[in-house]
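Hi,

Here is the structure I promised you, with some notes on what turned up. Have a look at it first, then read on.

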Amino acid sequence: MARLDAEMLDQILTTLREYADKNLPPARLLEIELGHEFPEKVMKDLYDPGQIGLHLLTIPEEFGGLGGGAYDIYRVSEAMASIDLGIATGVLATFLGTDPINVGATPEQKRFWLSELAEKGVFYAYGATEPQAGSDLAALATTAAPVQENGTVVGYRLSGRKQWISNGGVADRYTILANAPGGPSWFLLDKGAEGFTTGKPEDKHGIRASNTAALFLENVYVPADRLIGRVEGRGLVQAQAVFGYTRLMVAAFGLGAGWEAVKRAVRYSQERVQAGGPLSEKQGYTHKLIVPNACRLEAARHYIEWVAERLDGGEEGLATEGAVAKYLATEAGNKAAEDSIQALGGYGYTREYMVEKIKRDVRITTIYEGTSEIMEWTIARDRWQLHLKSRGQYYRDWAARAGSRHAQSPNVGAGHAALALRSLASLLERARLDRLTRNQHVLFRLGELIAFAETAALFAERAASAPAAASGLEPKTLEAMARVHARDAALKVASEGLRWAVGAGQTDPGLKQQLGLDAAVAAQAGLVEDMDKIAADLNRAFPAK
Ligand SMILES: Cc1cc2nc3c(=O)[nH]c(=O)nc-3n(C[C@H](O)[C@H](O)[C@H](O)COP(=O)(O)OP(=O)(O)OC[C@H]3O[C@@H](n4cnc5c(N)ncnc54)[C@H](O)[C@@H]3O)c2cc1C
């Protein structure tokens, strides 16, 4: 897939920021969310090519779009989330809604629907989830009954109910997953079709600027050319095919919202004086509430960038890598927002200071597009297969690569990442020998440990070779952050791996040694000094206005 040139991407990001500064100051954002208002005018402005034309980002150039790639989507999603995650979700819904078309439609269907979107900026909604089919989409109950004329299928009648659909009450077009005789399939549906109604907007914990509604389908007729791809039974494969992208998008939401909260806390702490000095100079504050979150968010960013580059390089799938990115970025974003409320004390608990809103908004990112638990499962299942297929070499090989990186660049935490990866390889092998993954909890915990080890290795690698310019942080700061994250990963894999293996009845008396727990503890040397540096660097990078 193509990628926008850097100038064009910068221009979009700058225009977006300028638009938000002018039209969406905090007071307006609070007004929208407290009024539970769908900001139609804002959405229209964002889709207006004369202003920003965000909807053009993912549409190929041949259909009148900009032909952006995964990297562009990540940067724009991060920027949107730093402004308002509810509004960002409205935009995401159109990207999501058109994804089945992007991956599965016939060339004629693509030309028709994507050109229409480019030209008219219509709103889309993506209808997969149902009351009984959330994480388990295979439990889908909506049906698509063929309508035949003279032995030819001329259309389908859709019946069923969709739940929690973003843009559900405001979209012009809907992509709907339904069971046809040949299996789950995507259909394209118009607003106002006979028999098609939508529920009232859900009253939500956060992202209140986003419209979420149920969809009701009672014998709704769609012509046969509205079956995406014109072949039944490809729906789940098509849904799976877009996960690499869509999970990356939500990962970028966690990143953008989380960093916005951290920056607010950093700035606040420079001006808030308690016990004779600014909070920004107090280790008990920065090293608990700010630095760990900043490090984890940056680890997630580097992994997101790695996945985006691979997708833009033409690799397909990457659903597991998308899951790692989503899992780490959204959990980190959620924690960062929670800690930022604490960092602002009583002010953080009020609406005016915005971190309370960010916290409520970012909470959704660990739920939609696959919950964190489903991400843990996806990651563990996939990497477990790689462990088995490679006879235990998968993470040993990766550890060797991290070891080589450490030999070339000893300051990026690659040695600690190698410890984490070696420990992981031993843990997976012990899990195989003692059949520990019969316990679902152990399998899911492995998913978490894998996410930490992989992001540690990637962060170290990229801090040495391709530090992310998007972070706005100095390379030396990123190196220190990579060291902190890699230490965290090494200790986490060894200690929590040991905990759950012992807890599930593992049989090797030497497991503690094999997991390298002592080495992971020894690797913590220098941790506090690195955190001191990062705290000071963050204060310089994000000065109070
Ligand atoms: C605001 C909002 C917007 C949304 N937008 C859309 C949209 O535009 N389009 C769309 O199609 N959907 C949308 N969704 C739906 C969303 O993707 C689902 O809510 C999500 O996938 C989880 O499904 P569920 O709510 O049914 O929870 P469940 O699947 O019932 O999960 C409940 C809990 O059980 C856990 N769990 C589930 N299965 C297992 C298992 N096998 N083992 C262990 N634990 C498990 C989950 O992790 C979770 O903690 C949206 C949801 C919300 C809240």
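In which strand is Trp164 found? The answer is β3; helices (H or I, at least four residues) and strands (E, at least two) are DSSP runs, numbered from the N terminus.

Before going further, two things to know. This is a predicted model, so to speak: local features need pLDDT of at least 70 and side-chain atom pairs count only at pLDDT 80 or more, while totals for chains, interfaces and linings use all residues. Residues are numbered from 1 along each chain as its sequence is written, and side-chain values use heavy atoms, with hydrogens and water left out.

Setting aside residues up to four places away in sequence, Trp164 touches Thr129, Glu202, Thr212 and Ala213; contact means heavy atoms within 4.5 Å. Ala27 is 137 residues from Trp164 in sequence, and their C-alpha atoms are 27 Å apart in space.

A polar backbone atom of Trp164 also sits 2.9 Å from a nitrogen atom of the ligand. On its own the ligand has 970 Å² of accessible area, and the protein covers 68% of that (areas come from the Shrake-Rupley method with a 1.4 Å probe; for residues, only the protein chains shown count as cover). β3 (152–166), α14 (372–389) and α17 (440–465) each give two or more residues to the shell.

How many residues surround the ligand? There are 21, and the closest are Tyr126, Thr129, Ser135, Thr371 and Glu373; a residue counts as near if one of its heavy atoms lies within 4 Å. The shell divides into 11 nonpolar, 7 polar and 3 charged residues.

**Glu448**

Helix α17 also holds Glu448. Is that residue buried or exposed? It counts as buried, because its relative accessibility is 12%. The side chains of Glu448 and Lys492 are joined by a polar contact of 3.0 Å (a pair of N or O atoms within 3.5 Å; within protein, one must be able to donate a hydrogen and the other to accept it, and residues adjacent in sequence count only if both atoms are side-chain atoms). Beyond four places in sequence, Glu448 is in contact with Tyr327, Glu376, Lys492 and Glu496.

**The core**

The largest nonpolar core has 184 residues, and Leu46, Leu158, Trp259, Met481 and Leu538 touch the most other members. Such a core is a set of buried Ala, Val, Leu, Ile, Met, Phe, Trp, Tyr and Cys residues joined through side-chain atoms within 4.5 Å. Its largest share, 15 residues, comes from α17.

Leu46 is one of the buried residues of α3 (residues 40–47). The buried residues of α3 pack against α1 (6–23), α4 (70–83) and α5 (85–104). Among the residues that Leu46 touches are Leu16, Ile52, Met80 and Val91.

Enjoy exploring!

Definitions and conventions
Nonpolar A, V, L, I, M, F, W, Y, C, P; charged D, E, K, R; others polar. Buried < 20%, exposed > 50% of the residue type's maximum accessible area, 1.4 Å probe, protein only.
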